[in-house]
Amino acid sequence: MRNRNATAYRFLTPYLLIFAIFWVWPIISSFLISFQATRTVPWRFAPGFNWGRLIGDPAFFNALKNTLLILVIQVPVMIALAMVMAVLLNSPLLKARGLYRFAFFAPVVVGEVAYSAVFRLMFSLDFGIVNKLLNSIGLPKVDWFSNVTPAMALIMIAVTWRWAGYNAIILLAGMQSIPDDVYEAATLDRVSKLKQFFYITLPLLKPVIVFCAVLSIIGTMQLFTEPFLITERGGPGGGTETLGLLLYRQGFRSLNFGYASAVAYTMAGLAIAITLVQLWLTREPK
Amino acid sequence: MATVTLTNVAKRFGAFEVVHGANIDIADGEFVVFVGPSGCGKSTLLRMIAGLEDISGGEIAIGGKVVNDVEPADRGIAMVFQSYALYPHMSVEQNLSFGLRMTGNPKADTERRVNRAAEILRISELMERRPKKLSGGQRQRVAIGRAIVREPQVFLFDEPLSNLDAELRVQMRVEISRLHKELGATMVYVTHDQTEAMTLADRIVVLRAGHIEQIGRPLELYDNPDNIFVAGFVGSPKMNFIKAHIVGRDAKGVVVELAGEEKARVVQPLTGVAPEPGSKVIVGVRPEHFGVAGEGDADLTVAIDVVEHLGGTSFLYARTAHGDDVVIQRDAAKVPETSNVTVSIRKSYLFDEKGMRLR
């Protein structure tokens, strides 16, 4: 038996080596780097340097506030929207279901740069289709890129557009795993479709909803592409800067790897903490 | 309680007809079992009575009122599903009371109905448990309980025991029988298991490929099948079918000679028109209707392949000289030691080439 295990490990060695070098070591290394002052050469061990700065850094708190704001507003809205899409996709009345499923899923496979460029065009002040539509119904133009609130809204709209369909497909798979006869039993029990949704579908989908929420929380905590490409590096004036962007700015623009590592660990810690709270709140009663 | 009447009920999926004009009258308080092989349309028929499946043609009446366009919940029926269809996130108590709670039934009445169902099914001590913490039999009881709390006019059962093991199936069969006596309700029960049908039913409806083959009391079907399908489907082990041809007619009836057995002739009393001599027919013999040599009409020698000992009785799996497989029932003490045995046909049934009974 020991021999057989050894053979298995020998087969796994190439993978484990790569995993150790490119995954485990950077994780450990960045943790160690977060305790070093990296703006001096050579780097020196200074535990309070980065972590101390974090507590008092307005840029960090601005990025944290923006990230949490997007998380609190965008994730619930997106999951609610994904749920509505999943219900519609699951409807027996729907024709060409496969086409809709593909259409809802398509945004995920669109290149990030391409979709960001299209969003910039769509929301452009003077010739964007969105402002033209607003004008056509008598509403004033919105300067999506120069004001903080519209810029934040734009980020949320873009992320929601990109990921709602993806979550809808996951929720749809969950819905389709609920047996039809449970609904038939409820129909015979004179339970309306609306009540069936709230008292049967939603509770039975809870694990899938939690899964979507956890994925979305982790994704939003790392949000980078949209504020980088759509609102041009967290603009206007850092109004849409997220933790991911702050990390990038510190690490790869200022080459301050110690502080960037501390930010990275804070992001990971927050994602874990929020996820744990969520899992605890939605745990199954014994 | 109520009667259920099906008049020319048909079901089509596109151009494909799965139930062809079924006519069934179910009396008030009667226990009727729809039985047949997979795909015969029995579950579709039940689901049409429930309103879960649209009716493509004909008329269904419950309690004298046509319900073709009546919502399932308004038909006065309750259904027990094969998969139990319990709400997995609710306790037994919540499962039982869910429908009543959702429709705003008074709390006291809901409690009374739930407690009564729990007492009838002896599940009072399980009320706080969730379905996943229950055994198969307990789940089935909860599913039946959920039907009882609705206080329906008609109970519908869709293969309710097929997910249970053999021992539990027998136990639940007895429970359902007891329940029928206790509630006195009209019950329609679907199964592919002829033993369940025979033991539970007041009347059995045998279905095949969307057609009703025969309706009758269990022993009527057993003793007097209309065709070779019913004869083969009802009874276990199934009836043996031996190829034969008509030889002629005598005072007692038509004389039939078994294929490959020149001396083995059975005489069938026949009131209808007898087929011409030489016509091919099929002789049906139930396993228990084979006697020892000389005891009945015809003796034939068979080669024994396998003997199954079940304790009091044994089954001999054998082959006739012509190559027809037969199963012979014998008392365990009378099982022959030899590989060939001569048996006699004490009672037989005659079918024409198309499988219709010749009477």
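**The interface between chain B and chain A**

Three salt bridges are counted between chain B and chain A in this predicted model. One of the salt bridges joins the side chains of Asp74(B) and Arg190(A), with a distance of 2.3 Å from N to O.

On the side of chain B that touches chain A, at least two residues each come from helix H1 (42-50), strand S6 (77-80) and helix H2 (92-102). The most is given by H2(B), which supplies three residues. By residue class, this side of chain B consists of 14 nonpolar, four polar and five charged residues.

The extent of the interface was considered next. The size of an interface is often expressed as the accessible area that is lost when the parts come together. Chain B and chain A bury about 1,800 Å² between them, and 62% of this area lies on carbon and sulfur atoms. Within chain B, the most area is lost to chain A by Tyr87(B), His89(B) and Met102(B), which together account for 28% of what that side buries. In terms of contacts, 23 residues of chain B meet 17 residues of chain A.

A further position examined in chain B was Ser91(B), which is located in the loop between S6 and H2. Ser91(B) counts as buried because its relative accessibility is 8%, which is under the 20% limit. Leaving aside residues up to four places away in sequence, Ser91(B) touches Met127(B), Glu128(B), Arg129(B) and Arg130(B).

Note on methods
Residues numbered from 1 in each chain as written. Chains lettered and ligands numbered in written order. Predicted model: local features only at pLDDT ≥ 70, side-chain atom pairs only at ≥ 80, totals over all residues. Heavy atoms only, no water. Contact = heavy atoms within 4.5 Å. Buried area = accessible area lost by both parts, 1.4 Å probe. Salt bridge = Lys/Arg side-chain N within 4 Å of Asp/Glu carboxyl O. Helix = DSSP H or I, 4+ residues; strand = E, 2+ residues; numbered from the N terminus. Nonpolar A, V, L, I, M, F, W, Y, C, P; charged D, E, K, R; others polar. Buried < 20%, exposed > 50% of the residue type's maximum accessible area, 1.4 Å probe, protein only.
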